[in-house]
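Student: Could you walk me through this one, a bit at a time?

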Amino acid sequence: MILHELLSYEILRVIWWVLLGVLLIGLAATDGFDMGVAALNPFVAKSDAERRVVINTIGPVWEGNQVWLILGGGAIFAAWPPLYAVSFSGFYLAMFLVLAALILRPVGFKYRNKKESPVWRTRWDWALVVGGAVPALIFGVAVGNVLQGVPFTLDETLLPIYPGNPLSKLLGLLNPFALFVGVVSLAMHIAHGATWLVLKTEGAVQARARRIGSWAGVLTIVTFALAGVWLAFGIPAYQFVTEPDPFGPSNPLLSEVVRGGSWLDAYQTRPWIAIAPALAVLGLGSAVVLMRLWSGWAVTASMVGIFGVISTVGLSMFPFILPSSLNPSASLTVWDSSSSQMTLFIMLVSTVIFLPIILAYTSWVYKVLWGKVRPEDIARNPNAY
Amino acid sequence: MEFGLVELSRLQFASTAMYHFLFVPLTLGLSILVATMETVYVMTGRPIWRQMTKFWGTLFGINFVLGVSTGITMEFQFGMNWAYYSHYVGDIFGAPLAIEGLMAFFLEATLVGIWFFGWEKLTARAHMFVAWGVAIGSNFSALWILIANGWMQNPVGAVFNPMTMRMELVDFYAVLFNPVAQAKFVHTVSAGYVTASIFVIGVSSWYLLRGRHIDLARRSIAVASAFGLAASLSVIVLGDESGYEATHNQRMKLAAIEGMWETEEAPASFNLFGIPDQEARETKYAIKIPYVMGLIGTRSLTTEMPGIKELVAQAETRIRSGVIAYDALLQIRAAKGDVTPEVKETFEAHSADLGYAMLLTTVVEDPKLATDAQISEAAWKTVPQVAPLFWSFRIMVAAGFFMLALIGYMFFTSNFRGGRFPTWVLRVAVFAIPVPWIAAETGWFVAEFGRQPWTVDGLLPTALSVSNLSIWDVVLTLAGFVTLYTVLLVIEIKLMLAAIRKGPTHDIEVVEAWAAKRRPVAKPAE
């Protein structure tokens with residue numbers, strides 16, 4: 001098959017780097033508000049009727065939204081196998097915590113209303129808080145660690161090695177900068193969840209969501225900016241000593257990397273990327289303002305903000321994807337940790353065909369479900385959560 | 001067996017996969033049954049069919065959630081616990097998993113919400129299409145997963161790249177139309193349909209025994225037994241097809257299932273019963289049925305089927321060839337690819353056996369220094385534990401034929417005897433509810449345990465596929481998964497039983513009014 005050589009290996013790698021970003025943004029923009037809503041629930045809804053309203057705003061859509069995560073896992077496996085191997089085994093216990101939280105979440109939605117007992121329901125409410133807040137926090141912590149580099153190396157057969165015992169590895173991830181990025185992520189998800197509740201609810205729940213959400217939005221902007229300052233002065237970046245060949249084989253050990261410089265140097269060499277942090281602040285800021293105006297457009301603004309935040313990280317680090325602090329030369333970059341050209345091409349064709357279809361039926365579902373969720377709708381639908 | 005990192009990782013994968021597969025088969029079959037019932041409702045407008053749709057839909061929903069939740073673990077744990085596997089074959093294996101998400105899983109998961117929440121927001125017809133979307137999504141999902149799994153059993157369309165130290169895709173069509181994957185797909189989804197049929201028949205039989213929801217139960221049995229009859233025939237035929245395919249690529253698995261140590265003269269007999277003895281390398285007290293194995297495996301009376309000992313001898317040859325490839329690979333790696341064409345040619349000539357040299361490294365550190373005894377030891381490692389395979393396979397087959405008989409009887413009585421089921425048959429049907437799960441779990445056990453010592457047959461030994469983790473990493477998560485999953489399973493079963501005990505809660509008055517109106521008319525017809 002010669003077809004897959006229609007696009008050069010270099011271009012395919014860049015496209016898949018962009019698509020990696022698209023998947024992460026898709027996850028944060030859709031599943032992100034599910035997480036935010038689940039984490040906010042007991043704080044914005046006091047009575048059982050109110051809590052059911054909150055849960056049912058995401059009831060029909062969380063399953064679809066969660067697929068962004070599963071698809072993200074699959075796409076990283078297919079397009080960036082070394083990244084999949086290193087990060088999933090390296091962040092082992094953190095991944096387990098995310099999984100445990102994510103397993104609790106769907107069953108919480110589905111099983112909460114199966115019994116009348118208030119103890120049963122309150123217990124699931126808190127399980128849902130964990131299921132929403134823990135992944136949101138850990139995703140941020142992961143990004144914080146990626147920016148600093150992660151202590152892994154590759155042996156000569158390219159086996160990923162991540163030394164340490166379970167506890168030291170987990171605690172190593174929970175360093176101050178990473179936790180700070182975790183706060184950015186948690187605040188961002190909570191603000192995003194709040195914009196969704198402003199759109200989908202009324203009355204007291206909406207008012208509480210608006211109050212908490214606008215504070216969370218402001219907190220996101222402030223911590224995002226402070227993280228940038230911290231990055232500029234406290235966190236060294238990674239640089240190539242010998243550049244890898246963008247058309248070369250995917251073997252990270254073929255290039256040499258050292259620690260040095262700052263991720264913010266990218267803004268001098270590629271000034272146009274400043275648009276990403278600008279969008280982040282603009283989007284999040286508008287979300288706060290729109291929420292204060294009781295507007296449902298806050299969701300869209302918040303999505304723009306999320307787009308900006310995630311793009312900022314990706315563009316600042318390009319072409320690095322997962323630097324290694326233990327052996328910088330083992331760092332994974334766009335040029336040396338992808339799948340083969342043929343696999344990237346086939347995956348691209350599948351994406352080009354199916355992503356528009358996914359977006360079409362997903363939008364149709366949101367359109368069908370358009371409008372506020374009210375207690376009387378829930379009473380009428382025996383399938384409601 | 002010593003319990004190290006490899007064994008713990010295997011145990012974790014096996015338990016999470018087997019948990020996951022408690023929910024998958026019911027999803028596969030029930031999604032189609034529910035969509036069928038809804039279609040009948042849309043076509044006839046009879047409220048009983050809507051009630052059936054919603055009732056079975058509720059049970060479907062409880063089950064679906066756990067299928068989704070446990071599925072996330074499956075997608076993540078290749079990277080978590082099998083990092084070298086992920087690196088080594090991700091270029092091929094990752095693609096079907098990702099396409100599954102794009103093409104199938106997104107569809108079923110997005111539509112399932114609107115199915116439950118959309119009864120009042122959609123027209124009856126649109127709602128029915130949503131049901132079919134969920135069913136098609138679930139089944140396509142199985143297709144891609146089994147393409148991935150089929151590749152582990154029969155790794156086609158890929159070659160080893162010495163520069164990246166991994167297998168890389170060269171022929172996507174071969175992976176897609178892998179005969180093993182196709183046979184496995186039909187076998188597995190059919191098994192799912194049988195599971196759902198037995199489930200629906202069992203629950204309905206319980207209602208009939210109790211004299212409850214007669215209209216719902218009879219119709220459900222009629223639909224489920226027709227669907228299940230076709231499916232159980234398909235399971236058996238495609239199971240046989242899998243056996244035939246295994247003759248070509250996984251002869252060791254087949255010989256182990258059969259407990260066949262020596263090569264028999266064609267056509268080989270089938271061991272109905274026996275006690276396989278791994279140490280003595282023989283199957284004691286074998287009760288043989290002549291010809292059967294030869295016919296299943298080769299579909300001929302003259303083709304010979306190799307026994308375990310002959311296959312071990314072949315493995316020895318491949319190990320020796322693999323060592324040559326290994327040696328050439330070391331030279332290529334040391335020179336970063338800058339070697340003479342002779343070395344490259346040597347490598348290419350023997351690279352298909354590289355996995356066998358990797359298997360040898362589990363016996364001796366440097367394969368080039370291996371003694372004949374060590375090579376023989378490694379060759380014997382290609383033999384999986386025979387007894388567990390031998391028995392699981394027979395349990396699976398027995399369960400399959402039992403279900404065929406039960407479903408066949410229900411179908412016959414439902415269609416030609418006016419649905420007058422004897423009480424004892426209804427009791428059997430209730431107690432038969434766990435049988436399809438036993439068949440499904442033993443079936444997966446045969447498929448995956450029988451693939452040992454490889455994760456990818458002949459390419460990558462299991463012992464080398466694991467992540468570089470500490471034992472405690474895996475112990476902690478294994479305990480965590482087992483606890484979490486067990487709690488959820490208990491809750492799920494309780495909720496299922498509660499929903500079954502409660503019976504249909506939808507359209508009660510409408511259905512009663514409809515039934516009252518047609519009863520006097522319907523009676524003489526019976």
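This is a predicted model: local features need pLDDT of at least 70, side-chain atom pairs count only at pLDDT 80 or more; totals for chains, interfaces and linings use all residues.

Tutor: We can start with how to read the model and then go through its chains.

Student: Okay, how many residues of chain A are in contact with chain B?

Tutor: On the chain A side there are 64 residues, in contact with 63 residues of chain B. Contact means that the C-beta atoms of two residues, placed from the backbone, lie within 7 Å.

Student: And which elements of chain A supply at least two residues each?

Tutor: That list is α3, α4 (81–90), α5 (92–111), β2 (160–161) and α13 (341–368) of chain A. The names come from DSSP runs numbered from the N terminus: helices are H or I with at least four residues, strands are E with at least two.

Student: How do the residues of that side of chain A divide?

Tutor: They come to 42 nonpolar, 18 polar and 4 charged. Here Ala, Val, Leu, Ile, Met, Phe, Trp, Tyr, Cys and Pro count as nonpolar, Asp, Glu, Lys and Arg as charged, and the others, Gly among them, as polar.

Student: Staying in chain A, at what angle do α1 and α3 cross?

Tutor: Helix α1 (residues 9–44) and helix α3 (residues 62–79) of chain A cross at roughly 155°, and their axes come within 8 Å. Axes are lines fitted to C-alpha atoms, for helices over the stretch in contact, with angles from 0 to 180 degrees between N-to-C directions.

Student: Which residues make the contact?

Tutor: Among them are A:W16, A:L20 and A:D31 of α1(A), and A:W62, A:W68 and A:G72 of α3(A). By class, this contact has 13 nonpolar, 5 polar and 2 charged residues.

Student: Hopping to chain B, how do α10 and α11 pack?

Tutor: Helix α10 (residues 308–334) and helix α11 (residues 341–350) of chain B pack at an angle of about 140°, with axes 8 Å apart. That makes α10(B) oblique to α11(B). Residues meeting there include B:A325 and B:L329 in α10(B), and B:V343 and B:F347 in α11(B). The class count is 7 nonpolar, 5 polar and no charged residues.

Student: Which residues of α16(B) are buried?

Tutor: They are B:P436, B:A439, B:A440, B:T442, B:G443, B:W444, B:V446 and B:A447. Buried means 20 or more other C-beta atoms within 10 Å of a residue's own, exposed 12 or fewer, and partly exposed in between, with C-beta atoms placed from the backbone. The buried residues of α16(B) pack against α1 (5–44), α6 (179–210), α8 (251–258) and α14 (386–416) of chain B.

Student: Last one, what is B:S15 in contact with, leaving aside its neighbours within four places in sequence?

Tutor: B:F481 and B:V482. B:S15 is found in helix α1 of chain B, and B:S15 counts as partly exposed because 14 other C-beta atoms lie within 10 Å.

Definitions and conventions. Residues are numbered from 1 along each chain as its sequence is written. Chains are lettered from A and ligands numbered from 1 in the order in which they are written. Angles under 35 degrees count as roughly parallel, over 145 as roughly antiparallel, 65 to 115 as roughly perpendicular and the rest as oblique.
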